[in-house]
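Welcome, and thanks for having your viewer ready. Let's walk through this model together, one selection at a time.

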Amino acid sequence: MPLVEFHNYSMGFKDDDGNVSNLIDNLSFSIDEGKALGVVGESGCGKSMTSLSLMRLLPDAAVVQSGKILFDGKNVLEMSEKEMEVIRGNRLSMIFQEPMTSLNPVLTIGNQIGECLLLHHPDLAPDEIRARTIRSLESVGINNAEARLSQYPHEFSGGMRQRVMIAMAIINHPALLIADEPTTALDVTIQAQILDIMKGLKGDSGGLMMVTHNLGVVAEICEEVVVMYAGRAVERGTLKAIFDEPLHPYTIGLMSSIPTMTSDKSELPAIPGSVPTIYDFGKGCRFADRCSKCMERCMREVPKSLLVGKDHIVACWLYPEGEVV
Amino acid sequence: MEKGGPLLKVEHLTKLFPVKKTRFFEEQRHVHAVEDVSFELYEGETLGIVGESGSGKSTLARAILALTKVTSGTVIYRGEDITDFRVPPAKRKLLHSELQMIFQDPYASLNPKIKIGEAICEPMLANGQARNHDEAVKKTRHLLEIVGLRAECFDRFPHEFSGGQRQRIGIVRALAVNPRVLFCDESVSALDVSVQAQVLNLFNALKKEFNLTYVFIGHDLAVIRYISDRILVMYLGKVMEIARYDQLFSDRAHPYTKALVSAIPEPSTAARKERIILEGDIPSAVNPPEGCRFCQRCFMARPECFEVEPDFYEVEPGHFVRCPYMKGGE
Amino acid sequence: MSRYILRRLGRGVLTIFVSVTLVFFIVRAMPSDPVALMISPQMSQEQIDTLMHTYGLDQPLMTQYFLYMKELLMGNMGMSFAKRIPVGEYIMSRLPWTLMLLAAVMLIVCIIGIPIGLYAASRKGKLSDRIISIIVTMGISIFIPFMAFLLLYIFSFRLKILPTGGAYTPPTPEGFELVKQVACHIILPAIALSITNLANAVLYTRNSMIDVLHEDYIRTAYAKGNDRKRVIRRHAMKNALIPTVTVIGMQIGIMVGGATITETVFSWPGIGRLVYDSVNALDYPTLQGAFLIMAVAVVIMSFITDLVVAWLDPRIKLGD
């Protein structure tokens, strides 16, 4: 049984008049225990909402429309707030994009990390909490951890704060760690440090869901990939399948439009147009109006997600043959 | 200006920002934003300036364009000293149109209540690039089409555009006054990858069409490498390396550049080389380390690196590195 | 830390010096002559001269100023023209009443204002929040004397449940009876004086709480498994109170002297009333003394406010 399973999950946003515009549409994927999945996409593709849906921390205007999200076999969408509080920060934890603002400025680091233990293991002795907090800080490469417990977030650099966030997220050995753009706000050399730490964590058998726009980060750390575009999973499969044999025109376009350190100076094969907003999604394939291979059918019908190869699922009318999943 | 000489020459440019004193008798300290930077920019080339936060790359551009007063050093444009734009008013007007800057978010510099067409016409008229309003409008519509926006966009307001479109508007605004050199400060950083490629292509196309020279500033080495002919690598206010884009992978590259190149996660499944991971954070520019700026984090540092500031060495033709251990022969 | 206190002290002394100087000259620029009020027609010129001499009013203005400053440095604020007692003594007899009133106001603001603000923030956009917002706007814009008279009219004249003025009903009662009487008498002035401050406290608490609840670290707190109550209590409250404390602190300082109208309407024997009486009597020394006390109060309150804010917010470093 997979650790996490999204089953035809759909959600959207309610405007002031109560009308709901759909964002995430029929999203299905799963993460096996101990595996790292990358959720890739550009702004507004719904990747952050996917992770917040699993955490049940969606903003007020968000509305769940249909589907299931199973975690440990239970549907989190039907859990009570009390039940969610038990798994958040415990079996399921999350780190965020902005290390500068994600820590409480008026509480000490030790206090904020220790709180995770206190919430989920209320019977732990203060000494034990302190010892475990120090150990978790050391495990993410923070030197002199004992002295730093009594410091406040503003005394840490951005990279150090992200380490603290990671220490906080892994202290209860979660079954799944969700990382939402954990390195986007950081400098490249600091990003390399953080990715190194996160790679080190993978040995600890917990699963990872890496939400990012950076294909390089995904290639670095994940075994499986979901590519999202405008709220839909357009392609998913193993890292090798997606990176070496991408099928969906969007995935192909995305891969080739990124300048890399080895690319030549010829014109970049860019995808025309811009990322649609929630209000101008088309009726058929949401990528249709930017797609160079767009067919008449693409404008009318939503492409089905079909299994086209081993562990390789694509939602595109170019590949109409395949097993329905 | 002699033929074949540099279009723009920056010599020993330094910009220090005073740190606010907390005590009266305290010694005045400074943020060493840009220190002793010298380089030449040739007509028709694209010079990339790459660096992490605190490297001073944006301050450098602002100092050249007289958007902030330089502490010392000179800026020579077409053979003439234009430091802080201390030139006669007529000449200054010309400089303002010939040297243009494009920012990361042009939206912030657009008045939300003015139609973008008018916002573009205005500097054109002020700088004498158009004789009357009609001519300005015609020219603006033409430019909008060149950058891939429809001419109808003229009558729209800034908020009606997406990030990529706004960046195009920013480009049109700069192009409207017939610039020779465009300074692009993180101009594609905020864009989605699929849109970033379009804008990079646009920059390249415009360069040919309008005979432009670019100074392209950014933190993403892969993007800077793609767009640039030559690259300036900055760290803590100093230039560490000046190289042709294809010399970045050289064994003779500066250790910092090597680490930077190695730190970029490549979007491919190919087996990767052992990564160089730098220890620690970027130090504060208030108390930069003595000796080499990079000594504290350098994986090759030797004791003398902490004492003596290294010079530039030309390790290959046109490839300058501020590290004595890269000059070879050892 | 000690360096910080020293610096604050220096700045406070400077503030007080400047305000004392300004008050000295402003008072003397008033278009009346205090001597005219003190003398009676029967007095001989000689007697008048003696009187003028006693109070130093025959000296040139600058000499008067330097004499005043010299005496002040030695702790002597001069003699009241009206009461013929030392100003220090006169003010000290009034100060406790003002402080009592302020304490009552502060209590109301903290006990009622902050919780209402927090409550409104948690119900943002809902009916109860909107009603609170409307009342708050009214509270901020209300004309205090009008409010004072309205309270007097309703509770004292119509319902006759609270006294009309003063701090107690003469003759001075004793023991528990005094406490009871003062408690009854303080209610109306305290309410009148609280209205604006209360409204401000609600407004600031509500707005800053709403801002704080949208901060990233609040989301982090939920992601750790905190429940809503704990998030508000442990993660949001301290952050949200920082701006509120600053505002309340400054207001209290200003109110030491700013309660003139309220104290006069309710005949509350505090500093504000003293200012009113002294202006009427052209009692220069008392006026100067009263303003000195106000300046000191503002300086002390802003110092205390800074200490509290620094205690709440570790990003603010006092001293070096």
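A word on colouring first: pLDDT is the predictor's confidence in each residue, from 0 to 100. This is a predicted model, in which local features need pLDDT of at least 70 and side-chain atom pairs count only at pLDDT 80 or more, while totals for chains, interfaces and linings use all residues. Residues are numbered from 1 along each chain as its sequence is written, and chains are lettered from A and ligands numbered from 1 in the order in which they are written.

**Stop 1: confidence.** Select chain C, whose mean pLDDT is 85, with 96% of its residues at 70 or more. Within chain C, helix α9 (residues 216-223) has the highest confidence, at 95, and helix α2 (residues 34-38) the lowest, at a mean of 68. Helices (H or I, at least four residues) and strands (E, at least two) are DSSP runs, numbered from the N terminus. Where pLDDT is low, the predicted coordinates should not be read in detail. For the complex, the predictor gives an ipTM of 0.92 and a pTM of 0.86.

**Stop 2: chain B against chain A.** Show the contact, which takes 34 residues from chain B and 39 residues from chain A; two residues are in contact if their C-beta atoms, placed from the backbone, lie within 7 Å. On the chain B side, the elements giving two or more residues are α5 (163-175), α6 (193-210), α7 (221-227) and α8 (255-263) of chain B. Of these, α6(B) gives the most, with seven residues.

**Stop 3: chain A against chain C.** Here the contact takes 23 residues from chain A and 19 residues from chain C. On the chain A side, α2 (81-87), β6 (92-95) and α3 (109-120) of chain A each supply at least two residues, and α3(A) gives the most, with four residues.

**Stop 4: the sheet in chain A.** Stay with β6(A) and bring up its sheet: nine strands form an open, mixed sheet in the order β6-β7-β8-β3-β9-β10-β12-β11-β13 (chain A). Two strands pair if DSSP finds at least two bridges between them. Both β6 and β13 (323-324) of chain A stand at the edges with a single partner strand each, so one side of each is left without a neighbour in the sheet. Which way do β6(A) and strand β7 (residues 176-180) of chain A run, parallel or antiparallel? They run parallel, joined by four bridges. Zoom in on M94(A), which stands opposite I178(A) in β7(A).
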